[in-house]
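Open the structure in your viewer and keep the selection tool at hand.

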Amino acid sequence: MDINKVKSAFAEHFGGECAVYASPGRINLIGEHTDYNGGFVFPGAVDCGIVAAIRANGERVVRAYAIDLDESATFGLEESDAPSQGWAKYIFGVCREMAALGVEVGGFDCAFSGDVPLGAGMSSSAALESTFAFALNEMFAEGRIDKFALAKVGQMTEHHYVGVNCGIMDQFASVFGKKGHLMRLDCRSMEFEYFPFDPKGYRLLLVNSCVKHELVDSPYNKRRESCERVARVLGIETLRDAEQEDLERVKGEISEEDYKRAKYVIGEKQRVLDVCEALVAGDYETVGARMYATHWGMSRDYEVSCEELDFLAELAEKCGVTGARIMGGGFGGCTINLVKEELYDGFVEAARKEFAAKYGHEPKIYDVVISDGARRLE
Ligand code: GLA
C-alpha cells in the first residue's frame with residue numbers, strides 16, 4: 001500500500017492537508033458461503049488493501065479521484081445523487097448507509113488507490129467500503145459507530161448499491177483484522193475469537209487463476225436463494241440449524257440442485273470447526289484434508305468452481321500440497337494453499353509451468369501475510 005503516492009495525488013488534485021486511512025483485503029482459511037447461512041467463517045486480513053487520503057470540504061458534495069483508474073467522480077449526498085461510475089457507487093453507498101445510521105455525513109475530497117488484485121476473491125470491494133466507513137466515522141461521528149456497525153455499512157452498501165447479497169465475512173475481516181491472527185466468526189451470534197496463526201514449517205499462498213470473478217453478475221445471489229428456500233422448507237431461519245439427516249428428510253420436497261447446495265453448506269459448517277480444533281492441536285494434515293473437501297464440495301455440489309481452479313487444486317494435490325481450495329465466492333479468482341516449506345518452490349514452479357502450458361498464461365502467486373484491519377495511518 002503506497003501511502004506517499006496517495007498523499008501526493010491528493011495534494012495535486014485538491015491541495016492542502018488530509019488524513020490517510022487504510023483497510024485490507026482478506027483471505028479465508030475455510031468456511032465459504034457459510035456467512036449468509038448463519039454459519040462459521042475463518043478469515044484474516046492481508047497486507048494489501050485500499051489507502052485513501054481524505055478531507056472534509058464543508059460542502060454537500062463528494063469529489064473522489066480513483067488514482068489507479070485516473071478517473072474522477074463528483075456527486076451529492078442525497079439518494080438521487082448516485083454516481084454512474086461503478087467504483088464511485090461504493091463510496092456513495094457508504095455515505096448513504098452511514099447517514100442511515102444517523103451520522104451527519106458532509107462532503108469531502110478524496111483520492112484513493114489499492115493493491116488488492118481485482119476479481120481475485122480477496123475482497124477489494126470490502127477494503128474500499130471499510131476504508132470509507134472507518135474514515136467517515138472519525139470525520140463525522142467522532143468514532144461513535146462501533147466496528148460491527150461499520151462492517152454492516154459495507155455489507156449493506158453491497159446489498160443496496162451494488163446488487164450483491166453478500167454475507168458479513170469480507171467486511172468483518174477488513175474491519176477487525178489483526179496482525180498474525182485469523183478470526184473465527186460465528187455469523188449467527190456474531191461472536192468471534194482471534195486465533196494466532198503461525199503454522200511452523202508451512203506457508204500459506206494464493207494462486208490466482210486470473211479468471212475474472214464478478215459477483216454482481218455471477219450466480220452468487222442464486223446460491224443464496226437456494227439455501228434460503230431449503231431453510232424455509234425445513235422451517236428454520238438458516239441452514240446453520242440443519243443437519244444432514246434433516247436434509248434427507250425433505251429431499252423429496254426440494255429440487256436436486258437445492259439439495260446439493262444445502263448439502264455443501266451443512267458439511268462446510270462442520271469443516272470450519274474441525275479446522276479450528278486441528279489448528280490448536282497443530283494437526284495440519286487435518287486442516288489440509290478439510291480444505292480439499294471444501295474445494296470439491298464447492299466444485300461438485302455448490303458449483304462455484306471453474307475448470308482452471310479445479311486444475312489448480314488437482315495440481316496442488318499431485319505436488320503434495322497439504323491443503324488447497326477455491327477461496328472466496330468462487331467463479332474464478334484464487335486457490336488458497338497450505339504447503340510445507342520444503343515443497344513450496346517445487347509447487348510454485350509446477351503451478352506456473354503446468355498452468356501456462358494448459359491455459360496460455362501463468363497464474364499469479366501471492367504469499368499471505370496476515371495483517372491489521374481498518375485504521376487511520378497518520
Ligand atoms: C463473497 C461474499 C462473502 C462470502 C463469500 C463466500 O466473498 O462477499 O460474504 O459469502 O463470498 O464465502
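**Stop 1**

Helices here are DSSP runs of H or I with at least four residues, strands are E runs of at least two, and both are numbered from the N terminus. This is a predicted model: local features need pLDDT of at least 70, side-chain atom pairs count only at pLDDT 80 or more, and totals for chains, interfaces and linings use all residues. Residues are numbered from 1 along each chain as its sequence is written, and side-chain values use heavy atoms, without hydrogens and water.

The axes of H3 and H5 come within 9 Å and cross at roughly 55°. Axes are lines fitted to C-alpha atoms, for helices over the stretch in contact, with angles from 0 to 180 degrees between N-to-C directions. Show Ala 126, Ala 127, Glu 129 and Ser 130 of H3. They meet Asp 170, Gln 171, Ser 174 and Val 175 of H5 (contact: heavy atoms within 4.5 Å). By class, this contact has 3 nonpolar, 3 polar and 2 charged residues (Ala, Val, Leu, Ile, Met, Phe, Trp, Tyr, Cys and Pro are nonpolar; Asp, Glu, Lys and Arg charged; the others, Gly among them, polar).

**Stop 2: H4 and H5**

From H4, pick Lys 147, Phe 148, Ala 151, Gly 154, Gln 155 and Glu 158; from H5, pick Gln 171, Phe 172, Val 175 and Phe 176. The H4 contact with H5 has 5 nonpolar, 3 polar and 2 charged residues.

**Stop 3: the largest pocket**

How much space lies in the largest pocket? About 970 Å³. Centre on Tyr 90, Leu 118, Gly 119, Ser 124 and Ser 125, the closest to its centre of the 45 lining residues. Helix H2 (86-100), strand E6 (108-114), helix H3 (124-140), H4 and H5 each give two or more residues to the lining.

**Stop 4: H6 and H8**

Finish with H6 (220-234) and H8 (256-280), whose axes come within 9 Å and cross at roughly 90°. That makes H6 roughly perpendicular to H8. Arg 223, Ser 226, Cys 227, Arg 229 and Val 230 of H6 touch Asp 258, Arg 261, Ala 262 and Val 265 of H8.

Note on methods: 1 Å grid on protein atoms, 1.4 Å probe; cavity = no way out; pocket = protein on both sides within 12 Å on 5 of 7 lines; lining within 4 Å. Points joined across faces, edges and corners; volume = space filled by probe spheres on them. Parallel < 35°, antiparallel > 145°, perpendicular 65-115°, else oblique.
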